[in-house]
Every structure is written in structure tokens, then in C-alpha cells.
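Thanks for coming. I have one structure to go through today, so please bring it up on your screens.

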Amino acid sequence: MVIVISNRNVEREGEDGRFGEQLGSKQGQNLRVGQIIGTVNDWRMNLLPENEAALNEKYPSEDLFQMVREKIEGGDESAKQWNFYIHGFNCEFSKSIEQALAIADRYEINVILFSWASNPGPD
């Protein structure tokens, strides 16, 4: 499993979500969470809704992390090994996902990726 947390701008919401290359609407002070589904060469992101209109009693990311916690506490072998990965400077969103998926596949672990707007441009 690869979970992505980002302060990038959102280009597409929902089950085929996509982050952009710039900071999010609150100048990077906003975080969004998505779950990556697929492989290095064929993936998509389920971007969880986190705006106030989408909330009932708690954020959808809270449900995701609760599910992961229950798997770990329940002894699910596939949920035991986790790596927190922060990519380097000048990394496109899609490349950061591909890197996280490659790490997950190579080491047979789960990855929480923080993908930040790391290419501010020439200025």
C-alpha cells in the first residue's frame, strides 16, 4: 500500500485524483491524503475529500489511517512494515509516486509518501 500526503495544489479530485506541481491553495499550509492503487507503470490515486463540505464527523483520511491501524493491530502481515518517504528537490508529482511504488515493490513494504511542491521554478 502506498499512501501519499501532499501540500501540492489539487488538479483533479476523487478516484482519479491528481496533484499538481505548485503549492496548494493555502500556500502549502494544507495537507491532502490519497491512496495509490496500481504499479509503477500503471497507477491512479484515490484522493480523499478533505474539504468541510465533504465531512460528516471526521476526515476521510482518519478512516484510512484507522483501517491501517486495525490491520497492524490485527496481525495482518501485509500491514506491518512501513517506510516514510520524502522525495528530493525538483521532483514531479508523478515521479514521486513512481519512486514510492518502486520502493514498496522492491522491499515488499508499505510506503507513506510526503510529496511536496519541490520545483519552485527559475526564480
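**Arginine 8 and its surroundings**

I start with one side chain: that of R8 reaches the backbone oxygen of C91 at 2.8 Å.

Before I go on, two notes on the source. This is a predicted model, where local features need pLDDT of at least 70 and side-chain atom pairs count only at pLDDT 80 or more, while totals for chains, interfaces and linings use all residues. Residues are numbered from 1 along each chain as its sequence is written, and side-chain values use heavy atoms, with hydrogens and water left out.

Back to R8, which lies in strand β2. Strands and helices here are DSSP runs numbered from the N terminus: E for strands, at least two residues, and H or I for helices, at least four. Is R8 buried or exposed? R8 is buried, at 0% relative accessible area. The classes are buried under 20%, exposed over 50%, and partly exposed in between, with a 1.4 Å probe and protein chains only.

**The sheet**

The bridge partner of R8 in β3 is L23. Strands β2 (residues 8-12) and β3 (residues 14-23) run antiparallel and are joined by 3 bridges; two strands pair if DSSP finds at least two bridges between them. With 1 residue between them, β2 and β3 form a hairpin.

These two strands belong to an open sheet of 7 strands with mixed pairing, in the order β2-β3-β5-β4-β1-β7-β6. At the edges stand β2 and β6 (82-86), each with a single partner strand, so one side of each has no neighbour in the sheet. On average, neighbouring strands are turned by 35° against each other, direction ignored. The axes are lines fitted to C-alpha atoms, for helices over the stretch in contact, and angles in general run from 0 to 180 degrees between N-to-C directions.

Further into that order, β4 and β5 pair in the antiparallel sense over 6 bridges, and I36 has M45 as its bridge partner in β5. Strand β4 also holds G34, which is buried at 0% relative accessible area. Leaving aside neighbours within four places in sequence, G34 is in contact (heavy atoms within 4.5 Å) with V2, I3, V4, M45, N46, L47 and L48.

**The cores**

Helix α2 lies across β1, β2, β3, β4, β5, β6 and β7, running at about 160° to β7. That brings me to the nonpolar cores, which are sets of buried Ala, Val, Leu, Ile, Met, Phe, Trp, Tyr and Cys residues joined through side-chain atoms within 4.5 Å.

The largest core has 17 residues, and V4, I36, M45, I97 and V111 have the most contacts inside it. At least two residues of this core come from each of β1 (2-6), β5 (42-47), α2 (93-107) and β7 (110-115). Which element supplies the largest share of this core? The largest share comes from α2, with 6 residues. A second, separate core has 8 residues, including I3, V33, L64 and V68.

**Charged pairs**

A salt bridge here is a side-chain nitrogen of Lys or Arg within 4 Å of a carboxyl oxygen of Asp or Glu. By that rule the count is 6, and I will show some of them.

One of them joins R32 and E13, with the closest N and O atoms 2.8 Å apart. This pair links distant parts of the chain, 19 residues apart: R32 is in strand β4 (residues 32-39) and E13 in the loop between β2 and β3. R32 is buried at 10% relative accessible area, whereas E13 is partly exposed at 46%.

Another joins E73 and R69, with closest N and O atoms 3.0 Å apart. Because they are 4 residues apart in helix α1 (residues 60-73), about one helical turn separates them. E73 is exposed at 58% relative accessibility, and R69 is partly exposed at 48%.

In helix α2, K95 and E98 are 3 residues apart, so about one helical turn separates them too. Their side chains meet in a salt bridge at 3.6 Å, N to O. K95 is partly exposed at 42%, and E98 is partly exposed at 25%.

That is what I have; questions are welcome.

Note on methods: A polar contact is a pair of N or O atoms within 3.5 Å; within protein, one must be able to donate a hydrogen and the other to accept it, and residues adjacent in sequence count only if both atoms are side-chain atoms.
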